[in-house]
Amino acid sequence: MSSALSNLFWILIFPGFLFTVVLGLAASWIVRKVSALVQWRVGPPFAQPLYDIMKLMGKEILLPQEAQRHVFIAAPLVGLAGVLLLSTMLWRITIAETAFVGDIIVAIYLMVLPSLALILGSSASASPHAAIGTSREMKLVLGYELPLVLAFVVVIIKTAGHVEPGQQLSLAAISEHATVLSVSGMLAFLASLLCVQAKLGFVPFDIAESETEVASGVIIEYSGALLAVWKLMHAMMLVALPLFLVMVFLGGFGTAGWPLVAGIGKYVLVLVLIILIKNTNPRMRIDQAMRFFWFYCGIALAVAVILATIGNYYGISWL
Amino acid sequence: MSWKTWSLKKSVWVFHVNTGACNNCDIEIVNLLTPKFDVERFGMKLVGSPRHADALLVTGVVTRQAAPRLKEVYRQTPKPCVVFAIGACACDKGIFHAGYHVVGPVDKIVREEDPNAIIAYVPGCPPKPEAMISGVVKALSAL
Amino acid sequence: MNKKELDNKLSGIRDKLLGVEQTSEKRMYLPCEAENCYSVCKFLFEEVGCRFVIVTGIDAEDCFELLYHFSYDQLGCIVTVKTFIHDRDNPSIESIAQILPGAEWIEREIHDELGIEFKNHPNMRRLILADDWPEGVYPLRKDTKK
Amino acid sequence: MKETVRKPVLAVGPFHPLQEEMEFFQLTVDGEIVTDIDVRISYNHRGMEGIAETMQYDQIPFLVSRICGICSASHPLAYVQAVEDFAGITPPDRARYVRTIINELERIHSHVLWVGLAGHFIGYDTVFMWAWKYREPVLDLLEKITGNRNNYGNVRVGGCREDIPDELKPEILREMDKIEKKVDMLTKAVLDDPILHARLKGVGTLTKKDGIAYAVTGPTARGSGIKVDVRHDDPYAAYGELDWKVITQEQGDVFAKAVVRLLETSECIKMVREALKKLPGGPIAVEVKEIPPGEGCGHAEAPRGETFHYVRSDGGNRPVRHKMRAPSYVNVPSFRASCIGQHIADVTLTLAAVDPCYSCTERLAVVDSHNSVIHDYDSLLRLSREKTARLKKEIGAPEMRLEDI
């Protein structure tokens, strides 16, 4: 009984749903505020993302007549569930150290869920503009998944020598090593940072769902609470994805004292990098993005894999 | 006041509908986004789809060709929503009241679609951006 | 370029005009019959080098008047070709959009508002009236207004 | 298969909520190249010419100032000149100067607004925010003189409605100095920026021949080497007594139009200064007893081109016919000549270059007859920005910095 209750507490309150949402809303405020400051405006108040979500929750939900209703309604919930699982898992690995073998693979799968949900939801909404968004989102997913997995391969190779056999695919074990402090790790980190940028739908990869382009984007037909769920999902991704990067590349999070402070610092660093990339780049076209991910990221990561293998073989840790 | 209304006041997303305006109201609306007025401070922002909107900023006297379109946009906006008639033409046809191609004003067309629509009026030709902000604030405090 | 040269140039179409009215130094009206209108406009545009401005359609009770405004920019003089269409039941005139693509819209507009048929117009579809506006109702005709 | 793909394409019509604005452009493209363009107006047709016949001569300036919000000084002026033409009224000297100053102030804020929008279209959103910020003081000046930020309607038959108070003169001069610096910097930035050269040159070219055939006016014509400027050809108000020059460029592309507008803004500022200096004393209006029968034409140079008004009177207190023509009416059809054969990434920019009234360019939908690709306004805007970014990379030019502006 008590274990069921405590599990519920883990998932819904801390550090699962509620905690991640609060952090995510704060992060999305930072994103909006910084963008406004660049344009010499004041920007929204701190609680603005919260107000937006609350308001959307209280609004009517309109279903497009030609939409496939079940998929249309289920898609945002699936996406939210994916991010919720991902963030709960990541937090538990950090705080409660309840890692299991192969959790990095589960994490990668869970990270695909929001994009899949977006594709499902928009293709169910029977809108020509959503259709364009859908096709772009699909291409984008095809584009960034490969480099992302390659980047994790680099990390696994890098950490292989340092963790116990059988623990290579465990996030907890990986997160004890700051892989980024090596040439191959750095390459992998940068590539996956850009992949995360694309997953978050930020410039330069906001091809399917940008702020100005939401009109023709994937969530055009959504309204009310369903739109709020998308927004929540996005806010939670703003926490979960950088956190994942921190764990995989930057040596993870502590639970108390200096490691905790350092962990927060690392998270903020990743977030700031994401905002900087967002505000200093023009939007890419979909074929440019594909070329970027497959060709440039692919080459960089292939080099990183070779370097990591050599380094591992000869015991050169900086490679 | 319920939490729904309270949060609505804190976060108003507006969709801009031009139903035959002279562009002045429209330019003043865009002006709201620029550094001098910056309505994002109050949580307002322009959205690109009526489905995401809480308020419709309707400018211009409603022309015959635009009337069905205004109704369509109103249908697509999730309720509760507030319709703002921005400018003298939108409020009561203004100087164009005698036009043969004019079927407005905005409230008449919107009420044909929904008799209980909440409609707020911001008169002026064009209303100053400050007047629009004040109009939105007043309309919201009356909710 | 002075006034005399303009007058000399205009002498090429004198015979097609009903007269020349000069209300002021910079405003000139050239009345002509509907069948000559096309060639007068063509002459003004191609030979004299006037810039097309707009066409005004007027319902003058007994006939339709079309005023083709041209501007002779070297002198800043507005030259207006004044055409009368006497057939009120089936008003029609040759379209100048064939030589002046800039006149395409205004001819469509006059067709909408006054119901005047422009022969050989490249694209005579409804321009400014709403899709549900009834056929055969012309808002600027005097009888419609009453 | 093709049919199922096509269906949604056709669904994007003028009534789709996404076409935010009220004019409907439909482009037909073959691959990436525009092959045809069709425009449906009517959404904004208010029947003004019919309304004008129900109004008295003194009321019409307020009506025509609402034809277009940004040209709300030149339309009434053209109308008033048409009436003064056949009624034989000469406005007093001071009125002529006040008219000039108001019109030039309007041109300044309109051109600066255009610069901001052009920045928005090529992906410099910060330029958009800044240009609109610079424009505010001019609106404030106009409010101080006429009582309204837009829609001034400051002219009436026989003179002006509001005078420029003497105590406002120093303030106007001060603001002119400020905005001149900013316009100079913008001009320099545009003329020196290699990205803008690459992005705007050779794009949306309107040849001189096409320009004459489509009878374009204003900066659109002057950018194509057609030296048409009503202020110069048929000097009205006080333009004949001021020292200024008509700006023309030969190329006819977007860059030429941008240069024309920027250089013109500097001319406007000079003109306002000179007119203020020469501003004579005396009344600002003469009394007009009655309007005789007759007909008259009046035209004035609006920021976008020539506005033309024709008024016919039968001696009553209302005109029997009042024809009005806005500059966009002849400039917009010229898209046919300038857009066809263009890359779709350049279309929004080409349309924006004509400045067809700010909102018109947002009314786009592209139908591809071969590949069934559709683009709406947003995607066209994006394509346009991408091209800027691509060129930026190719040239390797530095970012346009905020400090430069």
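Select C:S71 and C:D73 to begin: their side chains make a polar contact at 3.0 Å. Keep in mind throughout that this is a predicted model.

**Stop 1: a serine in chain C**

Color strand β4 of chain C, residues 63-72. C:S71 lies in this strand. Is C:S71 buried or exposed? It is buried, because its relative accessible area is 1% and the cut-off for buried is under 20%. Now show its neighbors. Leaving out residues up to four places away in sequence, C:S71 touches C:C50, C:R51, C:V53, C:C77 and C:I78.

**Stop 2: cysteines**

Two of those neighbors are cysteines, C:C50 and C:C77. Select both sulfurs. How far is the sulfur of C:C50 from the closest cysteine sulfur? The distance is 8.0 Å, and the partner is C:C77. That is too far for a bond. C:C50 is also buried, with a relative accessible area of 3%.

Jump to chain A and select A:C297. Its closest cysteine sulfur belongs to A:C195, 5.6 Å away. This gap, too, is too far for a bond, because a disulfide needs the two sulfurs within 2.5 Å. A:C297 counts as buried, at 4% relative accessibility.

A reminder: a disulfide is a covalent bond between the sulfur atoms of two cysteines. How many does the structure hold over all chains? The count is zero.

**Stop 3: a greasy patch on chain A**

Stay with chain A and show its surface. Select A:L5, A:L8, A:F9, A:I11, A:L12, A:I13, A:F14, A:L18, A:V22 and A:I95. Together they make a nonpolar surface patch of about 860 Å². Two elements of chain A give two or more residues each: α1 (2-13) and α2 (17-38). Which one gives the largest share? That is α1(A), with six residues.

At 45% relative accessibility, A:L18 counts as partly exposed.

**Stop 4: an enclosed helix**

Next, select helix α3 of chain A, residues 48-57. Seven of its 10 residues are buried, so the helix is largely enclosed by the rest of the structure. Highlight the buried ones: A:Q48, A:P49, A:Y51, A:D52, A:I53, A:K55 and A:L56.

What do these buried residues pack against? From chain A, they meet α2 and α9 (224-249). From chain B, they meet α1 (3-10) and β1 (13-18). Show chains A and B together to see both sides.

**Stop 5: along helix α6 of chain A**

Select helix α6 of chain A, residues 128-160, and find A:I156 in it. Without counting residues up to four places away in sequence, A:I156 touches A:Q168, A:L169 and A:I174.

**Stop 6: chain D as a whole**

Hide the other chains and look at chain D. Its secondary structure comes to 16 helices and nine strands. The chain has 405 residues, of which 69% count as buried. Its accessible surface comes to about 12900 Å². Carbon and sulfur atoms account for 53% of that surface.

Consider contacts in chain D between residues at least 6 apart in sequence. Of these, 72% join residues at least 24 apart.

**Stop 7: a glycine in a loop**

Zoom in on D:G158. It lies in the loop between β3 (155-156) and β4 (159-160) of chain D. Is this glycine buried or exposed? D:G158 counts as buried, at 0% relative accessibility. Its contacts, beyond residues up to four places away in sequence, include D:E84, D:I89, D:P91 and D:P92. D:R99, D:I284, D:A285, D:V286 and D:V288 are also among them. Now draw a line to D:V246. It is 88 residues away in sequence and 28 Å away in space, C-alpha to C-alpha.

**Stop 8: an arginine between chains**

Bring chain C back and select D:R321. It lies in strand β7 of chain D, residues 319-325.

Which polar partners can you find? The side chain of D:R321 makes a polar contact with the side chain of D:E49, at 3.0 Å. A polar atom of the arginine side chain also lies 2.6 Å from the backbone oxygen of C:G57.

Among the residues it touches in chain C are C:T56, C:I58, C:E113 and C:L140. In chain D, its contacts include D:E53, D:Y310, D:V311 and D:R312.

Key: Residues numbered from 1 in each chain as written. Chains lettered and ligands numbered in written order. Predicted model: local features only at pLDDT ≥ 70, side-chain atom pairs only at ≥ 80, totals over all residues. Heavy atoms only, no water. Helix = DSSP H or I, 4+ residues; strand = E, 2+ residues; numbered from the N terminus. Polar contact = N/O pair within 3.5 Å; in protein donor to acceptor, adjacent residues only side chain to side chain. Contact = heavy atoms within 4.5 Å. Buried < 20%, exposed > 50% of the residue type's maximum accessible area, 1.4 Å probe, protein only. Patch = residues over 30% accessible without salt bridge, like charges linked within 9 Å, V, L, I, M, F, W, Y side chains within 5 Å. Areas by Shrake-Rupley, 256 points an atom, 1.4 Å probe, with all protein chains shown as cover. Salt bridge = Lys/Arg side-chain N within 4 Å of Asp/Glu carboxyl O.
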